[in-house]
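Keep the sequence and the 3D view open as you read.

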Amino acid sequence: MTDMVRDGRSFASLVDGSARQGLYGGLLLGAAEVTVLFVSNLALPVAAAQWSGRDPVGFGLLALYAAGFVLIGARAEQRAGTRWAGARAGAVAGFVVATFFVVTFSVLFTVFYATIIQRPSHLGATHASLNGILMGAVFVVPMVVTPVAALLGEVGGLFVVARRKMAIR
């Protein structure tokens with residue numbers, strides 16, 4: 001029997017307001033990400049191959065994700081008002097978005113294998129090579145996205161704190 005059961009606390013009481021805001025925001029951003037990934041890889045596979053690092057569309061999507069993490073952090077700071085609320089919300093949202101990213105590509109690589117291997121970047125790819133890419137992404141993507149999202153969330157939180165201080169004067 002855990003202490004939570006003994007004390008009559010629910011699991012929801014362990015999650016503070018900033019983490020809850022991060023979870024909600026991460027689910028919203030993750031749903032948008034899943035939609036973009038499915039459309040770009042299945043409905044418009046030629047467009048997905050054109051989204052290289054030099055393409056302004058890719059930078060635009062990254063800018064939208066960054067703005068989303070900043071807004072999540074600002075909302076968490078407004079709601080919770082605790083120290084580092086923006087960073088906590090950003091980290092939770094970043095982990096959720098990274099998890100959605102990995103799960104989406106797992107589904108794409110297994111269920112839609114016949115469509116994915118027709119893309120020019122994956123010609124000649126086997127299930128094993130795609131699974132190797134996926135296994136690397138499982139460890140790398142959350143470790144990169146989570147701290148970056150925490151930093152962006154804290155930036156949003158700092159905007160709210162600065163606005164509060166200016167309103168007091």
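Helices (H or I, at least four residues) and strands (E, at least two) are DSSP runs, numbered from the N terminus. This is a predicted model, in which local features need pLDDT of at least 70, side-chain atom pairs count only at pLDDT 80 or more, and totals for chains, interfaces and linings use all residues. Residues are numbered from 1 along each chain as its sequence is written, and side-chain values use heavy atoms, with hydrogens and water left out.

Q: How many helices does the protein have?
A: Read along the sequence, the pattern is α-α-α-α-α-α-α. There are 0 strands, and the number of helices is 7.

Q: Which helix holds Gly-86, and is this residue buried or exposed?
A: Gly-86 is found in helix α5. Buried means under 20% relative accessible area, exposed over 50%, and partly exposed in between (1.4 Å probe, protein chains only). Gly-86 has 0% relative accessibility, so it counts as buried.

Q: What distance separates the C-alpha atoms of Gly-86 and Ala-76?
A: Along the chain, Gly-86 and Ala-76 are 10 residues apart.

Q: Which residue has a positive phi although it is not a glycine?
A: Most residues other than glycine have a negative phi. The exception here sits in the loop between α4 and α5. Its phi is about 65 degrees, and the residue is Trp-84.

Q: How are α2 and α5 oriented to each other?
A: Two packed helices are described by the angle between their axes and the distance between the axes. Axes are lines fitted to C-alpha atoms, for helices over the stretch in contact, and angles run from 0 to 180 degrees between N-to-C directions. Helix α2 (residues 17-43) and helix α5 (residues 85-111) pack at about 30 degrees, with axes 7 Å apart. Angles under 35 degrees count as roughly parallel, over 145 as roughly antiparallel, 65 to 115 as roughly perpendicular and the rest as oblique, so α2 and α5 are roughly parallel.

Q: What separates the C-alpha atoms of Ala-89 and Gln-21?
A: Ala-89 is found in helix α5. At 0% relative accessibility, Ala-89 counts as buried. Ala-89 and Gln-21 are 68 residues apart along the chain, and their C-alpha atoms are separated by 6.0 Å.

Q: Which side chains meet in a salt bridge?
A: A salt bridge is a side-chain nitrogen of Lys or Arg within 4 Å of a carboxyl oxygen of Asp or Glu. The structure holds 1 salt bridge. The pair links helix α4 (residues 56-80) to helix α7, 87 residues apart. The N to O distance is 3.4 Å, and the partners are Glu-77 and Arg-164.

Q: Which class of accessibility does Glu-77 fall in, and which does Arg-164?
A: Glu-77 has a relative accessible area of 5%, so Glu-77 is buried. Arg-164 is at 35%, so Arg-164 counts as partly exposed.

Q: What is the area of the nonpolar surface patch that includes Met-135?
A: Met-135 lies in helix α7 (residues 127-168). Patches are made of residues with over 30% relative accessible area and no salt bridge: like charges are joined within 9 Å, nonpolar side chains (Val, Leu, Ile, Met, Phe, Trp, Tyr) within 5 Å. At 48% relative accessibility, Met-135 counts as partly exposed. With Val-138, Phe-139, Val-140, Met-143, Val-144 and Val-148, Met-135 makes a patch of about 680 Å².

Terms used
Accessible areas come from the Shrake-Rupley method with a 1.4 Å probe; for residues, only the protein chains shown count as cover.
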